[in-house]
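The sequence and structure come first, followed by the notes.

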Amino acid sequence: MTDSTAYGTLETIDGRPALRFELSLAYPIERVWQAVSVPAELASFFPGAADWTPAKGEIIDLGGPILEVTEVDPPNRLAWVMAGQPQSFELTAAEGGCRLIFTHVIDDLPVAQTATGWETYLSRLEPHLAGTHLSDEQAHEPWREIHERYAERFDVDPEPGRRWAAEHLPSGGD
């Protein structure tokens, strides 16, 4: 998943904007569940990974935002609310592996920038499952190109994301 695809979609969940990312992975559902639920594994690809059990009702102070685990159904669903925004991993067994759906209700977050961020981090999952590592820097290389695709697809002003990239990403090559 190293190409710049911009595969996330913008949906509405309970009247709120939400980003949805669907990945087909050539790994058994139990292996992917381990990657998304075990803190040491989650931290290898997911930003702000929590040190959790996870268990329904568990509350974790992330040094500002509070994360509350709302659903744990191994190996199919893990859901939580962070800073009032629901997020979840949903896994379904599929021929040759499994399907993962990551959803984040974003409320007023900048949609193109947030979608690009999630795609960037999710791009690190498959290499992790394969036993390799895609660094944060490597994952962010196509950030600008992916962001432009999301801004166009979602018909939003790309300037906030461009400013963020200018401030936080190395200049030059995408």
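A residue counts as buried under 20% relative accessible area, as exposed over 50%, and as partly exposed in between. The model discussed here is predicted.

**Backbone geometry**

Most residues other than glycine have a negative phi, and most peptide bonds are trans. The exceptions below are set against that background.

Pro 74 has a relative accessible area of 48%, so it is partly exposed. This proline is found in the loop between β4 and β5, and a cis peptide bond with an omega of about -10° joins Pro 74 to Pro 75. Pro 75 also lies in the loop between β4 (66–73) and β5 (77–82).

Another cis peptide bond joins Thr 53 and Pro 54, with omega about -25°. Pro 54 lies in the loop between α2 (39–42) and β3 (59–61).

Positive phi values occur at Ala 83 and at Asp 107, neither of which is a glycine. Ala 83 lies in the loop between β5 and β6 (85–94); its relative accessible area is 56%, so it is exposed. Asp 107 is found in the loop between β7 (97–105) and α3 (111–122). With a relative accessible area of 31%, Asp 107 is partly exposed.

| Residue | Phi |
|---|---|
| Ala 83 | near 55° |
| Asp 107 | about 50° |

**Pockets**

Rolling a probe the size of a water molecule over the atoms shows where empty space is left.

The largest pocket holds about 460 Å³ of space. Its lining has 25 residues, and those nearest the centre are Pro 47, His 104, Thr 114, Trp 118 and Tyr 121. At least two lining residues come from each of β5, β6 and α3, with α3 giving the largest share, 5 residues. By class, the lining of the largest pocket has 17 nonpolar and 8 polar residues and no charged ones.

The second largest pocket has a volume of about 240 Å³. It is lined by 16 residues, of which Ile 13, Arg 77, Pro 86, Ser 88 and Thr 103 are the closest to its centre. Two or more lining residues come from each of β2 (16–25), β5, β6 and β7. Which classes make up the lining of the second largest pocket? The lining divides into 7 nonpolar, 4 polar and 5 charged residues.

Definitions and conventions
Residues are numbered from 1 along each chain as its sequence is written. This is a predicted model: local features need pLDDT of at least 70, side-chain atom pairs count only at pLDDT 80 or more; totals for chains, interfaces and linings use all residues. Side-chain values use heavy atoms; hydrogens and water are left out. Helices (H or I, at least four residues) and strands (E, at least two) are DSSP runs, numbered from the N terminus. Buried means under 20% relative accessible area, exposed over 50%, partly exposed in between (1.4 Å probe, protein chains only). On a 1 Å grid over the protein atoms alone, a cavity is a set of points where a 1.4 Å probe fits but cannot get out, and a pocket is an open set with protein on both sides within 12 Å along at least five of seven lines; lining residues have an atom within 4 Å of a point. Grid points are joined across faces, edges and corners, and a volume is the space filled by probe spheres set on the points. Ala, Val, Leu, Ile, Met, Phe, Trp, Tyr, Cys and Pro count as nonpolar, Asp, Glu, Lys and Arg as charged, and the others, Gly among them, as polar.
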